[in-house]
Amino acid sequence: MSLDHAQFRSKYSAFLGAHGDRVLLTGHSHQAWPDVARDALTQCFDDAARFVDDKWEHAVFPRVTSVGERVLTRMGFESTDAIAFGKSTHELVSRLFSCFRADKRPRIVTTKSEFHSLYRQLTRLEEEGFEVVWVDTTPRAELADRLLEAITPGTSVVAFSAVLYEDAFIVPRLGEILARAVEVGAVPLVDAYHAFNVAPLAWGPAKDHVYVTAGGYKYAQFGEGICWLRIPRDSALRPVDTGWFADFASLGSPRTRDVRYGGGGARFNGATFDPTAFYRADAVLEHFDAFDLDLTALRTVSTIQTRRIRDGLVARGLSALIASSDDDARRAGFVAVRHARAGDAVTRLRDLGVFTDARHDLLRLGPAPYLTDSEIDRGVDATARVLSEL
Ligand SMILES: Cc1ncc(COP(=O)(O)O)c(C=O)c1O
């Protein structure tokens with residue numbers, strides 16, 4: 001791979017050139033958008049003006065299809081697999097849980113390290129009668145064993161992140177866990193948000209049967225309002241939460257009390273959506289393709305960058321604080337540093353022009369392919385200085 005870094009970086013003039021000398025170590029939460037995303041917003045407006053209500057057929061749905069195909073490929077699936085879009089992963093995951101009735105006490109296996117939406121939603125569903133098994137994620141080394149043990153016959157859903165949002169830990173033996181879920185008749189649901197466009201996942205023998213959600217806000221550079229759910233071809237789940245985009249084909253027929261679902265990913269569709277995110281996604285995917293930045297290339301860049309952050313922290317005497325794995329194979333797109341005052345560190349770093357974020361006591365430093373080595377070093381330097389002062 002030979003990325004012309006200067007040329008690539010020049011495509012981010014709005015985020016990287018127009019707002020002073022700052023270092024965006026926000027690669028794990030909000031990557032900079034390339035300038036083509038801005039042009040795409042205008043294009044969306046212009047298409048609405050030109051086509052009015054015909055824009056869906058002429059301009060929006062073709063983009064949805066094309067984005068879907070390329071997103072599936074980047075997740076390691078067939079481009080023709082079923083996929084549904086929503087404005088958040090929460091929307092899609094909630095729709096999936098709406099397929100299960102609380103009065104039947106469905107058993108859900110999940111972990112204690114899920115992102116807030118899933119944690120909150122499952123906690124609330126627990127109140128309604130769902131039985132939720134919360135698997136401990138520490139120590140990380142035996143996480144896969146604990147998950148495998150928890151997936152017993154009678155489990156309805158196994159819902160967990162393939163990469164943990166706290167420290168970018170890549171859950172080991174993913175394929176085995178998913179195969180175990182399928183073996184006991186459970187729906188396997190993977191949150192792959194912290195893997196998309198940064199770390200490849202090995203789906204294993206149950207690949208065809210997995211439901212996988214991810215979104216555009218972080219490593220994809222698409223921005224907000226576009227998340228997706230990969231759906232097994234033979235899915236027969238019937239979401240209770242269902243809108244008219246779930247079955248366009250029946251719109252012309254007389255209404256019946258028999259709620260049907262369309263083919264492909266349609267059964268997980270909602271209703272009218274804001275198409276601007278698809279214009280951005282389409283343009284950004286083209287931009288990645290133009291620089292040959294497929295998942296393998298992005299992973300290579302990311303691993304070198306997170307290793308540089310790790311090594312830099314170690315060289316500055318902070319190895320005891322590093323929470324993310326030292327093993328490249330187990331560390332996805334960022335490096336987390338444990339500190340009781342992580343939130344204060346974010347504020348002080350911001351004053352120094354270094355953008356980071358924190359979750360609980362973890363300060364997260366996320367590189368991105370447009371960053372230079374000297375920017376990364378400046379961010380690490382500032383982090384070491386701030387942490388020594390706190
Ligand atoms: C693992 C993970 N899943 C999901 C999300 C986002 O969820 P939603 O799309 O529901 O806002 C995040 C962070 O934004 C996350 O870190």
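Phe196 and Trp228 are both buried, meaning under 20% relative accessible area with a 1.4 Å probe and protein chains only. This is a predicted model: local features need pLDDT of at least 70, side-chain atom pairs count only at pLDDT 80 or more, and totals for chains, interfaces and linings use all residues. Residues are numbered from 1 along each chain as its sequence is written, and side-chain values use heavy atoms, with hydrogens and water left out.

Aromatic pairs next. The whole structure has 24 of them, counting rings of Phe, Tyr and Trp (its six-membered ring) with centres within 6.5 Å.

Now the ligand. Residues around the ligand include Tyr193, His194 and Lys218, where around means a heavy atom within 4 Å. Which atoms make polar contacts, that is, N or O pairs within 3.5 Å? A polar side-chain atom of Asp191 is 2.6 Å from a ligand nitrogen. For His194, a polar side-chain atom is 3.1 Å from a ligand oxygen, and a backbone N or O atom of His90 is 2.9 Å from a ligand oxygen.

Back to Lys218: its charged end sits over the ring of Tyr193, 4.6 Å from the ring centre. The criterion is NZ of Lys or CZ of Arg within 6 Å of the centre and within 35 degrees of the ring normal. Arg22 sits likewise over Phe355, at 5.3 Å.

Note on methods:
A polar contact is a pair of N or O atoms within 3.5 Å; within protein, one must be able to donate a hydrogen and the other to accept it, and residues adjacent in sequence count only if both atoms are side-chain atoms. Rings of Phe, Tyr and Trp (its six-membered ring) pair if their centres lie within 6.5 Å; planes under 30 degrees apart count as stacked, over 60 as edge-to-face and the rest as tilted. Buried means under 20% relative accessible area, exposed over 50%, partly exposed in between (1.4 Å probe, protein chains only).
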